[in-house]
Amino acid sequence: MTRARRRYGKALALALAASPALGHLPALAQAPAPLTGAAPQGVTQGPPPAPAPAEASLSLRAVLTSEAKPLRGGLTWRIYEDRPEGGKPVVLARSEEAQPTFRLPPGTYLANVTYGFVSTSKRVTLNSGAASDQLTVNAGALRLAGAVGEAKIAPGQLAFAVFVPIGNNPEGRLVRDGVKAGEVVRLPEGTYHVVSTWGDSNAIQRADLKVENGRLTDATLNHRAATVTLKLVASPGTEAFAGTAFSVLTPGGDTIREAIGAFPQVTLAEGEYQLIARHDGKVYTQDFKVESGVDRDIEAIAKDP
């Protein structure tokens, strides 16, 4: 019985080895799972992202109080977050165009425009689509010049400073210095104290000027001064000595201006002065008088006492 089973087992092994259909059975591949929108088991899928809010357009322009025409230049626009609870606002957009258009999500914003030294703001609300708005700027302007008598002073020789008076002090707060002749300075309505300096010594003129909304105020400050040429000469009308150091003093001894050269020019307010000239270790003096509008040479004579 045991031998019969052994023979049967050998016969079966030989039959399997001889049959290619049964001896080389391929491995069965696992079929892929079907693709579906469902999340894998055990993983929680969040809600789909919210769509980005649509943008709206905001077009802005600025006008002066008494004018219907929009301003065409000199503007700076800013769009701020509207923060009713307070805190420092955040600038969301900026433009220096005369009539800008901003693209913003719907909401409430603070629109601000600056025109020279004047600034104004307005709260605007945007819905979907396009919107436009107008800001009124309460401002005027000042344009300055200088003259001596009937003669205009060259703009490059003048410099102006603009102050806001405080109490009895006409120069209480400086608004702007270094203003050039002919330059347009945009200011809030009010009264200003203007100081005009001709040259770089004591030729100074002051005036109180009023600025009105929507108007350009032209003002010419009339100086009472003249330009003199300083010289040290051996005798009247002769050639000036080079390398001379000059000092111009008031009768009280205050130094108004110092200069070095053969013939420096100095612009001085009308009045009496003393000229001191130093050359080769020697000192020479000359008293002189300045008359408004009369430009002339001031000669110190280089002769020993």
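**Figure 1. Burial and overall make-up of the predicted protein chain.** Of the 305 residues of the protein chain, 32% count as buried, where buried means under 20% relative accessible area, exposed means over 50%, and partly exposed covers the range in between (1.4 Å probe, protein chains only). This is a predicted model, in which local features need pLDDT of at least 70 and side-chain atom pairs count only at pLDDT 80 or more, whereas totals for chains, interfaces and linings use all residues. Residues are numbered from 1 along each chain as its sequence is written, and side-chain values use heavy atoms, with hydrogens and water left out. The secondary structure comes to 2 helices and 22 strands, taken as DSSP runs numbered from the N terminus (helices H or I, at least four residues; strands E, at least two). The protein chain exposes about 19100 Å², of which carbon and sulfur atoms supply 52%; accessible areas come from the Shrake-Rupley method with a 1.4 Å probe, and for residues only the protein chains shown count as cover. Among the contacts with a separation of 6 or more, 55% are accounted for by residues 24 or more positions apart, a contact being heavy atoms within 4.5 Å.

**Figure 2. Strand β16 and the strands that pair with it.** Strand β19 (residues 265-269) runs antiparallel to β16 and is joined to it by 5 bridges, with Ala225 standing opposite Ala269 of β19. Strand β22 (residues 296-301) pairs with β16 in the parallel sense over 6 bridges, and within β22 the bridge partner of Thr229 is Asp297. Two strands are said to pair if DSSP finds at least two bridges between them.

**Figure 3. The largest nonpolar core and another core apart from it.** A nonpolar core is a set of buried Ala, Val, Leu, Ile, Met, Phe, Trp, Tyr and Cys residues joined through side-chain atoms within 4.5 Å. The largest has 22 residues, and those with the most contacts inside it are Leu60, Trp77, Ile79 and Val137. The elements giving two or more residues to this core are β1 (56-64), β2 (75-81), β4 (101-104), β5 (107-115), β6 (118-126) and β7 (130-137), and the largest share, 5 residues, comes from β1. Apart from this core lies another, of 21 residues, which includes Val179, Tyr192, Trp198 and Ala203.

**Figure 4. The surroundings of Thr76.** Thr76 is found in strand β2 and counts as buried because its relative accessible area is 16%. Leaving aside residues up to four places away in sequence, Thr76 touches Arg94, Ser95, Glu96, Asn112, Val113 and Thr114.

Figure 5. Glu55 forms one with Arg103, the closest N and O atoms being 3.9 Å apart; Glu55 lies in the loop between α2 (20-23) and β1, Arg103 lies in strand β4, and the two are 48 residues apart. Glu55 is partly exposed, with a relative accessible area of 44%. In another pair, Glu171 and Arg206 have their closest N and O atoms 3.3 Å apart, and this pair links strand β11 (residues 169-179), which holds Glu171, with strand β14 (residues 203-211), which holds Arg206, across 35 residues. Glu171 counts as partly exposed at 29% relative accessibility, and Arg206 is also partly exposed, at 46%.

**Figure 6. The salt bridge between Arg224 and Glu270.** The side chains of Arg224 and Glu270 meet in a salt bridge at 2.7 Å, N to O. Arg224 lies in the loop between β15 (216-222) and β16, and Glu270 in the loop between β19 and β20 (271-279), so the pair ties together parts that are 46 residues apart in sequence. Arg224 is exposed, with a relative accessible area of 51%, whereas Glu270 is partly exposed, at 36%.

**Figure 7. The aromatic pair of Tyr273 and Phe288.** A search of the whole structure finds 1 aromatic pair, formed by Tyr273 and Phe288, which is stacked, at 5.6 Å centre to centre and 25° between the planes. Rings of Phe, Tyr and Trp (its six-membered ring) pair if their centres lie within 6.5 Å, and planes under 30 degrees apart count as stacked, over 60 as edge-to-face and the rest as tilted. Tyr273 belongs to strand β20 and Phe288 to strand β21 (residues 282-290), 15 residues apart. Tyr273 counts as buried at 6% relative accessibility, and Phe288 is buried with a relative accessible area of 7%.

How values were computed: Salt bridge = Lys/Arg side-chain N within 4 Å of Asp/Glu carboxyl O.
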